[in-house]
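Open the model in your viewer and keep the selection tool at hand. Each stop below says what to select and what is there.

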Amino acid sequence: VVTPPNAAFRTNVKIFASSTPVPVRVSFTATDASAIASTQLARRIDGGAYTPVPLVSANAMSADVNFATSDTTVHQFKARATDASSNTSAYAAGAPFKVRVFQNGSPGVVEVGTWASQSSTSFYGGSHSTSSTAKQRLTISNATDFAVVSTMGPDRGKLKVFVDGVLQTTIDLYSASTVYRQVVYQKSFASAGSHTIEVRPTNTKQQASTGTRADLDAFLVMTP
């Protein structure tokens, strides 16, 4: 039995400065009474032909794939498995999805309070916004996955993340050295729906940090 592949943003990874900057993990499961001998994963873009996705081992059930962001490009994956008796399953196809990005100034991103915009080639898209006390939120329909991209560093404070008005976590953005374009939070939903993600700097920090600023570089979103 093979489950349809599922894509989710990875955390504790860096968004790349490339044409395919967003790291995503695509995973599925395969079970059989005689054990799984090998698996196959394939992808297509905008309804085109499927092409194989390299796996790290013969029976691996996940792959890390880098995506370009787009409001229109549609991705889809399918997987199948072969058991120890050489029986190969039919392909199980996952739901199509888009990988989108929203930044300060993007439609749908609401700033509450004062955020300072800063520009640098180190930031995703060339800019980010920073604050110690203000809020930013994004509401989007049909979202299946969210992620928050921020900067970590020696003068960073803490950042609260709310989803649909409920506190999910408080992230400590302190790092002994500066790390740009870091995915610091991710959340997946069982099905597509309208959701709101909000980040709130707390104006607090751990003892080692020299400041309380918190940055929002981008919201990453998957939609059907």
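Select Val163 and then its contacts, meaning residues with heavy atoms within 4.5 Å. Beyond neighbours within four places in sequence, Val163 touches Gln168, Tyr185, Lys187, Phe189, Thr196 and Ile197. Val163 belongs to strand β13, residues 158–163; strands here are DSSP runs of E with at least two residues, helices are runs of H or I with at least four, and both are numbered from the N terminus. Is Val163 buried or exposed? Val163 is buried, with a relative accessible area of 4%. Buried means under 20% relative accessible area, exposed over 50%, and partly exposed in between, using a 1.4 Å probe and protein chains only.

The model is a predicted one, in which local features need pLDDT of at least 70, side-chain atom pairs count only at pLDDT 80 or more, and totals for chains, interfaces and linings use all residues. Residues are numbered from 1 along each chain as its sequence is written, and side-chain values use heavy atoms, with hydrogens and water left out.

Ala116 and Val163 are 47 residues apart along the chain, and their C-alpha atoms are separated by 23 Å.

Now zoom out to the whole protein. There are 17 strands and zero helices. The C-alpha atoms fill a box of roughly 60 × 35 × 35 Å, taken along the principal axes. Of the 224 residues, 45% count as buried. Among contacts between residues at least 6 apart in sequence, 69% join residues at least 24 apart.

Go to Asn12, in the loop between β1 and β2 (22–27). Asn12 is not a glycine, yet its phi is positive, about 60°. Most residues other than glycine have a negative phi. With 64% relative accessibility, Asn12 counts as exposed.

Then select Asp46, in the loop between β3 (36–45) and β4 (51–52). Asp46 also has a positive phi, near 55°.

Last, select Asn6, Ala7, Ala95, Phe97 and Thr144. Of the 17 residues that line the largest pocket, these lie nearest its centre. β1 (6–9), β12 (135–152), β15 (179–201) and β17 (218–223) each supply at least two lining residues. Which strand gives the largest share of the lining? That is β15, with three residues. A pocket is an open set of points on a 1 Å grid over the protein atoms alone, where a 1.4 Å probe fits, with protein on both sides within 12 Å along at least five of seven lines; lining residues have an atom within 4 Å of a point.
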